Protein chains: 2
Amino acid sequence: MTLPLGYRYAAAWAGIRKVEKDDLALIVSDTPAAAAAVFTQNRVQAAPVRLSRQHLRESGGRARALLVNAGNANCATRTGDRVALQCCRAAARQLNAPVSQILPASTGVIGVEMDAGKIVAALPHLVAALSDSAFDQVARAIMTTDTVSKTVHAAIRTRQGLVRLAGMAKGAGMIHPLMATTLAFVVTDALVSPAALRPLLKRAAENTFNRLSVDGDTSTNDTLVLLANGASGVHVAAADLEKTLEAALGDLARQIARDGEGASKLITIDVAGASSDRAAARLARAIANSPLVKTAIAGADPNWGRLICAAGNSGVAFDPANVDIEMQGVRVCRGGLAADFSEEELTGKLRQPECSIRFTIRGKDRGKARFWTCDLTEGYIRINASYRT
Amino acid sequence: MTLPLGYRYAAAWAGIRKVEKDDLALIVSDTPAAAAAVFTQNRVQAAPVRLSRQHLRESGGRARALLVNAGNANCATRTGDRVALQCCRAAARQLNAPVSQILPASTGVIGVEMDAGKIVAALPHLVAALSDSAFDQVARAIMTTDTVSKTVHAAIRTRQGLVRLAGMAKGAGMIHPLMATTLAFVVTDALVSPAALRPLLKRAAENTFNRLSVDGDTSTNDTLVLLANGASGVHVAAADLEKTLEAALGDLARQIARDGEGASKLITIDVAGASSDRAAARLARAIANSPLVKTAIAGADPNWGRLICAAGNSGVAFDPANVDIEMQGVRVCRGGLAADFSEEELTGKLRQPECSIRFTIRGKDRGKARFWTCDLTEGYIRINASYRT
């Protein structure tokens, strides 16, 4: 797949991580792109989140570049705001752009002062290295405890010509759906106005990144940015762009769940028959966040009692006697009671790297939701009991 | 400590557990005792929970006996209601009591039919074995994944004489505060009316069992019963009984947290300076339920960034710049920023079996709450990825 036109990328090791591994990245649009973003709803917000918000307001939704670092969240530090601004200013100078058109994003440890000097010093080299082929290198540079990089590519064919879209995300831990989750950047060469971009991104995130959980913790740095620079010269119907974007974000969301910290399985939860889509999402989220459900799946145990118990804790009203549950397509619970199934056979099916759970409430209601999560294994504990050391 | 007067206890193996270990227990008051209970708020409620509620209504808050089994939750099964009633009827016959004065409680796996025959068959032997000294044996019989039994003893000295109180609880997993948590039974020989008992129990549970979390899952079987049979002949002021009861329940709650599945540490979280006690409890709960906080404590890592991040996800409004955090009495965060402390020294202190966290919001507000939880270790995963096998 060809990348969207008019973007260049670069990544380098600026010394923010202790290990020598790229930790600073630039995504640059040749011209100011229409830009929209959704951010963490955590009450504690990192300096780059606050500054990106401010820059989007000041620029009227236009951006030339995303400046991203891993290894330090630039959150809850004395110098955070100053550091974020200083880095953006240096990038703006190098790129001959207004500072308000630089959107910063950070990921990493909270509460440790970040050294702006390292980033400022690395920027000239980074800008010099910009190329239209370093997309994957940037996707790797933003990883923290991710084991694989996450990218997605799509195209929309119109009568006017082709529009391309490419996205990347980092995931792994502190993943819980509240507006945006983790860092994710999507670039497209479609011609769209900033005003059209934001509602479209919000809706697409709602059914994808907001339907994703690894461990129920929403980070202080969650940022999802969409850039549309119009370099293709092709206008796309907003509905078509939204559809493609939602598919791309869904793909990234699944990659994040599959690579959740310590995860051995991607779990897809479908809830149907709730009183509303919102109620269905609450039920799905309660199931997705239950450590007892997640450990049962890790152990390939078709323990549907934990599923119905978790749903019962969602705060959503339902009659257990109307509940049917399927795991891997096998009916395990019928009308709230154990169905007749081969536990041995299902245990075998649960050893596969993907697990599907279908929770249906019988009746006339049609509310439904799909949600992604991963299992909970000893690997999660190993990673998180020693993240900083 | 002497046990409350007028109660007898028995436990036996009825064959509900696969392993030969007591799984059926009776707590009998010689005379009908004033009885009050709080139950799980899970939408899915086990048959014994529903029947105990009904019996308390029918009896006007009087009970002769608690009939408890471990190894099967009698929840989400075809025959659950019939089984629970059948067992209570058999106990009522053996004890010459109205069936409405028998309160059943069950704990164990969900969704597996329970064999009433085994319990009915074991009852004559159990009743014959009733003795005033088998309290500890009953506390052991109700254990599931608990590693130690949990009991508490207290006395109230009045001018009229002595009143005794004794309690037991099972804990370990599916522990999350909603009304009551897990199974817990408290008996006292105080003279109290059923009408006075219930509000007093609700309030005492609110600050103890409802401030406790192991893994954020509320079970389908949570039951906390208080019996007061008046055998001491001594009237106690309701306020005095409540104070003693709250201390006893707090003691049991701490024992449960300390013995949470896989736990290596008891964590006590104090929040102060919130806009209300309710807001403080929400903040404390968010910190207690964060897997990233719990794994950091497991790893003796003074990672306060995860604490403030978890608080930021509570839904409670606060300004991070007003937050001070202490761990083990050491200030780690001052005004939302890293405080100056020796990480090495604090890491050493975090290796102790108890961990205290103090989260304070500066200002004029006085809302506070105390909350108990445990750390999250690989042991939790090991236990729960193979609970049924």
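1. In this predicted model, helix α7 of chain B (residues 277–289) lies across strands β9 (266–274), β13 (354–361) and β14 of chain B. The helix runs at about 25° to β14(B). Helix α9 of chain B (residues 304–312) lies across β10 (323–327), β11, β12 and β13 of chain B, at about 130° to β10(B).

2. The strands form an open sheet of six in chain B, ordered β12-β11-β10-β13-β9-β14, and the pairing is mixed. At the edges stand β12 (337–338) and β14 (367–374) of chain B; each has a single partner strand, so one side of each lacks a neighbour in the sheet.

3. Cys333(B) has Ala338(B) of β12(B) as its bridge partner.

4. Asn207(B) sits in the loop between α5 (194–206) and β8 (223–228) of chain B. Is this residue buried, partly exposed or exposed? Its relative accessibility is 38%, so Asn207(B) counts as partly exposed, the class between the 20% and 50% cut-offs. Apart from neighbours within four places in sequence, Asn207(B) is in contact with Glu246(B) and Trp372(B).

5. Helix α1 of chain A (residues 47–59) has 13 residues, which at 1.5 Å a residue should span 18 Å; the end C-alpha atoms are 18 Å apart, in agreement. After α1(A) comes Gly60(A), with a positive phi near 70°.

6. The buried residues of α1(A) are Ala47(A), Pro48(A), Val49(A), Leu51(A), Ser52(A), His55(A), Leu56(A) and Ser59(A). An α-helix has 3.6 residues a turn, so residues three or four places apart point the same way. The cover over the buried residues of α1(A) includes β2 (24–39), β3 (62–72), α2 (80–95), β4 (102–109) and β8 (223–228) of chain A.

7. Chain A has 11 helices and 14 strands. Its radius of gyration is 22 Å, close to the 21 Å given by the globule rule for 389 residues, so chain A is as compact as a globular protein of that length. Along the principal axes, the C-alpha atoms of chain A fill a box of roughly 70 × 55 × 35 Å.

8. Of the 389 residues of chain A, 63% count as buried. The accessible surface of chain A is about 14100 Å², with 48% of it belonging to carbon and sulfur atoms. Among contacts in chain A between residues at least 6 apart in sequence, 80% join residues at least 24 apart.

Methods:
Residues numbered from 1 in each chain as written. Chains lettered and ligands numbered in written order. Predicted model: local features only at pLDDT ≥ 70, side-chain atom pairs only at ≥ 80, totals over all residues. Heavy atoms only, no water. Helix = DSSP H or I, 4+ residues; strand = E, 2+ residues; numbered from the N terminus. Expected span 1.5 Å × (residues − 1). Buried < 20%, exposed > 50% of the residue type's maximum accessible area, 1.4 Å probe, protein only. Contact = heavy atoms within 4.5 Å. Pairing = 2+ DSSP bridges. Axes fitted to C-alpha atoms, helices over the stretch in contact; angles between N-to-C directions. Rg over C-alpha atoms; globule rule 2.2 N^0.38 Å. Areas by Shrake-Rupley, 256 points an atom, 1.4 Å probe, with all protein chains shown as cover.
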